[in-house]
Amino acid sequence: MNGEPTQQRLLTQLPEWRALHAHYAEMQSLSLRQLFAGDLRRGETFIAEAAGLYLDYSKHRVTQETLKLLIALAEARGLRGRIEAMFRGEKINRTENRAVLHVALRAPKGVHMQVDGRDVVPEVHAMLERMSRFSERLRSGSWRGHSGKRIRHVINIGLGGSDLGPEMACEALRHCSQRDLDLRFVSNADGTAFAEAVRNLSPEETLFIVCSKTFTTAETLSNARLARAWCLEALGDEQSIQRHFVAVTANAKAAVEFGMAENNLFDMWDWIGGRYSMDSAIGLSLMIAIGADHFQAMLGGFRAMDEHFSSTPFERNLPVIMGLLSVWYVNFFNVGTWAVLPYDEYLKYFPAYLQQLAMESNGKHVTQDGMGLDYQSSPIVWGERGTNGQHSFYQLLHQGTRLVPCDFIGFCRSLNPLSNQHALLMANMFAQSEALAFGRDAQQLRKAGVPQQQIPYRVCDGNRPSSTILCESLTPAILGALVALYEHSVFTQGVIWDLNSFDQWGVELGKLLAGNLLPELEQSSEPTLGHDSSTNALIRRYRRFRQSPARTG
């Protein structure tokens, strides 16, 4: 079977889809209380485990029949063939005519993965070795700045996948990072982002990593130019750029013209999408923070989940199960949003990372053949860590009118075991999933002595679905497995919905219009505006404020 989508019928015309519709009519009135009462071992049955991750999906509104029907849909959509096509390096990114081979970034030596007849695994390992040598020089202090001082601050300049992944991972693995190195990240075009990133820093002790595949991304280059001017103002010598800037790019010529030394450039490949690139040279800042050994351990976690995804039957396959659960709720329960709730402070950027991974991948409105969808695609993904979220938005999760499935992520061992803090944290996580599933009815409240007039306000209906992902501790390997789990879950959803999960044309329109607008905001004479009345009025108001004296007080 090749990697082409299965298109004998549209998704909603498939008998497997219709069977799920009929099954949903039976399931929608069945509660989690009933499901657990009818199967006392349910919590030991609806589980799957791989790569150090334990998935409990028993608190979902599914039965064995549901899973059987969902898997039948996956088979009808050719999921196994699409997985194999991705791992073979076929150009499954059809709109850009590119292979999608991020799995090659963590393939071991000796494995062969080809793009256009070229084995790319040796290239990957050569790049990892270059990254390792460079990061070790920086970590040891043998790499010095232009004036001979040691580099103590590393600032990653990127955008989207060139920022979200490395920043998330640097925070997630802070516990095993080298603490005398200060890692910072700049992505926003807002000048405040750069100003605050370099505040109180010395250019003599600062290295910038500019991450841009094309070296033409406007926001990234704007920040890179600010960084260049900041360094030159203090160091005064154009040659200093070679000691304070490196780049991750596929456009070596542009980086050299910027002033960087050619041997300070790290390659990117067009078969790696930005949101799938944190384990490539885009992760150079991460390797500097945690060292090559920990980085390799993280790649091992990625690889373990890759192997599980590519070889395990769907009924025990963690990414497939999670992806199919998303389809079940989005397309049959009309769910529009999904919460990711990590109970670990180090994972505070994980929900933001998953937002891009899921919504940039599957926030699409046409099939791979360009036909408009007659069903919903990606849910809105969001979340917050630990008990912070409980005192923010959990009220809506428990008693709101919207059904919001949740992923709880927790760890059995804390990396910072202080007093009984971790037991308190995990008690909250387990309690929240239990409360969402089973709630508290009026009879229970009366038995607890709650006054009758308060009962309507305190009833929690329950029947709110959630998964729990439990791991021993947050190690580099576990982080790699977690990221790969969600990568492959998103891919699974995209196959079912017949989407190209690897392009992002919707991002381009706003960038194109911004390029057209910029001269109208900056030119000294009044421009002739041809936008809609709202945009025209906003531009004029902005220009009036910019041209008038700033207010004080």
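I started with the largest cavity, which has a volume of about 200 Å³. The model is predicted. My search of the whole structure returned five cavities of 30 Å³ or more.

Which residues lie nearest the centre of the largest cavity? I noted Trp338, Asp407, Tyr486, Ser489 and Gln493, out of 16 lining residues. By class, I counted 11 nonpolar, four polar and one charged residues in that lining.

Next I looked up where the lining comes from. Helix H14 (318-332), strand E10 (337-342), helix H15 (350-362) and helix H21 (476-497) each supply at least two residues. H21 gives the most, with four residues.

**Strands E10 and E11**

I followed E10 to its partner. E10 pairs with E11 in the parallel sense, over four bridges. I traced the chain from E10 through H15 to E11, and this β-α-β crossover is right-handed.

I then read the loop between H15 and E11, where lysine 364 is found. Is lysine 364 buried or exposed? Lysine 364 counts as buried, because its relative accessibility is 15% and the cut-off for buried is under 20%. A polar atom of the lysine 364 side chain lies 2.8 Å from the backbone oxygen of serine 361.

Aspartate 374 is in the loop between H15 and strand E11 (380-383) as well. Aspartate 374 counts as exposed, because its relative accessibility is 55% and exposed means over 50%.

What does the side chain of aspartate 374 contact? I found a polar contact of 3.0 Å to the side chain of threonine 12. Aspartate 374 and threonine 12 are 362 residues apart in sequence. In space, I have them 7.8 Å apart, C-alpha to C-alpha.

**The largest pocket**

I moved on to the open spaces. The largest pocket holds about 1,200 Å³ of space. I noted 43 lining residues, with Leu159, Thr217, Val507, Glu508 and Lys511 closest to the centre.

Which elements each supply at least two residues of this lining? I listed helix H9 (218-235), H15 and helix H22 (505-522). H22 makes the largest share, nine residues. By class, I have 17 nonpolar, 16 polar and 10 charged residues for the pocket.

**The second largest pocket**

Last, I looked up the second largest pocket, with about 460 Å³ of space. I noted 19 residues in its lining. Glu345, Ser414, Gln421, His422 and Leu425 lie nearest the centre.

Helix H16 (386-390) and helix H18 (421-438) are the elements that give two or more residues to this lining. How many residues does H18 give? H18 gives five, the most for this pocket. I divided the lining by class into seven nonpolar, eight polar and four charged residues.

Notes. Residues are numbered from 1 along each chain as its sequence is written. This is a predicted model: local features need pLDDT of at least 70, side-chain atom pairs count only at pLDDT 80 or more; totals for chains, interfaces and linings use all residues. Side-chain values use heavy atoms; hydrogens and water are left out. On a 1 Å grid over the protein atoms alone, a cavity is a set of points where a 1.4 Å probe fits but cannot get out, and a pocket is an open set with protein on both sides within 12 Å along at least five of seven lines; lining residues have an atom within 4 Å of a point. Grid points are joined across faces, edges and corners, and a volume is the space filled by probe spheres set on the points. Ala, Val, Leu, Ile, Met, Phe, Trp, Tyr, Cys and Pro count as nonpolar, Asp, Glu, Lys and Arg as charged, and the others, Gly among them, as polar. Buried means under 20% relative accessible area, exposed over 50%, partly exposed in between (1.4 Å probe, protein chains only). A polar contact is a pair of N or O atoms within 3.5 Å; within protein, one must be able to donate a hydrogen and the other to accept it, and residues adjacent in sequence count only if both atoms are side-chain atoms. Two strands pair if DSSP finds at least two bridges between them. A crossover is right-handed if, with the strands pointing away from the viewer, the path from the first strand over the helix to the second runs clockwise.
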